[in-house]
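Thanks for coming, everyone. Have a look at the structure on the screen, and I'll walk you through a few of its parts.

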Amino acid sequence: MLQFTPDRSQYPDKKEDGSCDIDLTSGKYLKLWQGPNHPGITGNMSVELTVCGDEVVEGRTHVGYLHRGFEKLMERRTFIQCFPIVCRICVPEPDFNEYCYAAAIEELAGLEVPEQALWIRTLILEMGRINSYMMYLGGQAGAFGLGVIGQWTTYVRDLMLDRFEELTGARIYHMFILPGGVRDTLPEGFDQRMAETLKEVERTMKDVHDVMFRNAVFKKRAVGVGVIDPALIDSYGITGPNARAAGVVKDVRKDAPYLVYPMLNFEPVSGKDSDIFTRADVRRRDVLVSVDLIRQILAKMPRTGPVMAKLPNVLHWKIPRGETYIRGECSRGEYGFYVVTDGSGYPRRINVRGPSYTHAMALLERMIVNLNISDVAGLMVSLHTYPPEIER
């Protein structure tokens, strides 16, 4: 017997105290699993659904199907050994973990990052933001049957991965942002090749707008569905496009500027309807903001000077006692690292604040009740989550 409290009153088994006794053998209710290996799931997680007909009565998220326990792994390794671990916490947008970890260590160790490295870091984060949004747009369209969008956005993502490969030597885990700066300067001809990639991004976004956002089927499936009440934004810790689509403009790049964002001209994208359609449109427009930011960075950044601060012997590096919280705006919202050191060669405590923990668990479980089962995948994708951030 499953105990829960549904929102609606017409279920016949509801008691006076509001609870229900659901007999899954009665034929009235059915338990289904969406995931962990399922095209309608956002990564290696699953949702345990209880349905009455085609309506969801309750949903419970389950994680643990992926690599996990990053925080404890880092607390048992030296500071430099943590470096290749952090990027695994978010595969589609790994560079943000590299930045947050490096910035936390730099603040605690009193390191000053060279100016050129700050510009390159900002460039990398905006490149990663575009990559993450390309995965999201393909998934959101695919959840409602528009498979061609995913093929287009995967193509554009591959072009950006080409730029990552020539800059860092890798396509997925770049490990380019180190404590103290970055590994190298921009390669010769990078600006021209990036300019061509950005033009292709813009052309693809125009096609996505015409085929996806003007599509009658997508509008019918997404408009008015999965509305996030603006009153929940603060209490549920909702950030990023999920908050901005509800009219609550939160963007760490503006609210607590870091790197070289104060020297760049942009405004956070927002909406007001707070449904699946609006969240998708906010992210589509945010891609174009990132395109413009990359152009500004390449036009303004200095091309001379060092890109790495002088470090001690990293094999025997001891960071003074202290604690700090470093945050930034990733494609899904506020991302942060809380790091505590005790003067030894190992971190005393590391805690990662990823938006997926709130969006994919507490918020999803609330919003999924009373939803039609055919819309579950679309709702999940619209919250834009990556399970490793939950299992960190």
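Predicted model: local features only at pLDDT ≥ 70, side-chain atom pairs only at ≥ 80, totals over all residues.

**Sheets, helices and a salt bridge**

Now widen the view. Strand 3 and strand 4, the latter covering residues 46–52, run antiparallel and are joined by five bridges. They belong to an open sheet of three strands, ordered 3-4-5, with antiparallel pairing. Which strands sit at the edges? Strand 3, at 30–34, and strand 5, at 55–62, each pairing on one side only. On average, neighbouring strands here are turned by 25 degrees against each other, ignoring direction. A helix packs on this sheet too: helix 12, residues 355–367. Helix 12 touches strand 4 and strand 5, and its direction makes about 165 degrees with that of strand 5.

Strand 9, residues 333–341, runs antiparallel to strand 10, and six bridges join them.

Glu-106 forms a salt bridge with Arg-121, and the closest N and O atoms are 2.5 Å apart. The two residues link distant parts of the chain. Glu-106 is in helix 3, residues 95–109, while Arg-121 is in helix 4, residues 115–143, and the pair is 15 residues apart. Over the whole structure, the search finds 30 salt bridges.

Last stop: a helix pair. Helix 6, residues 190–213, packs with helix 11, residues 276–300. Their axes are 11 Å apart, at an angle of about 165 degrees. Roughly antiparallel counts as over 145 degrees, so helix 6 and helix 11 are roughly antiparallel to each other. Their crossing is left-handed.

Who meets whom? On the helix 6 side, the residues include Phe-190, Met-194, Leu-198 and Met-205. On the helix 11 side, they include Phe-277, Val-287, Leu-288 and Ile-294. By class, this contact has 14 nonpolar, one polar and six charged residues.

That's my tour. Questions, please.

Methods
Residues numbered from 1 in each chain as written. Heavy atoms only, no water. Axes fitted to C-alpha atoms, helices over the stretch in contact; angles between N-to-C directions. Helix = DSSP H or I, 4+ residues; strand = E, 2+ residues; numbered from the N terminus. Parallel < 35°, antiparallel > 145°, perpendicular 65-115°, else oblique. Left-handed = near helix turned anticlockwise from the far one by under 90°. Contact = heavy atoms within 4.5 Å. Nonpolar A, V, L, I, M, F, W, Y, C, P; charged D, E, K, R; others polar. Pairing = 2+ DSSP bridges. Salt bridge = Lys/Arg side-chain N within 4 Å of Asp/Glu carboxyl O.
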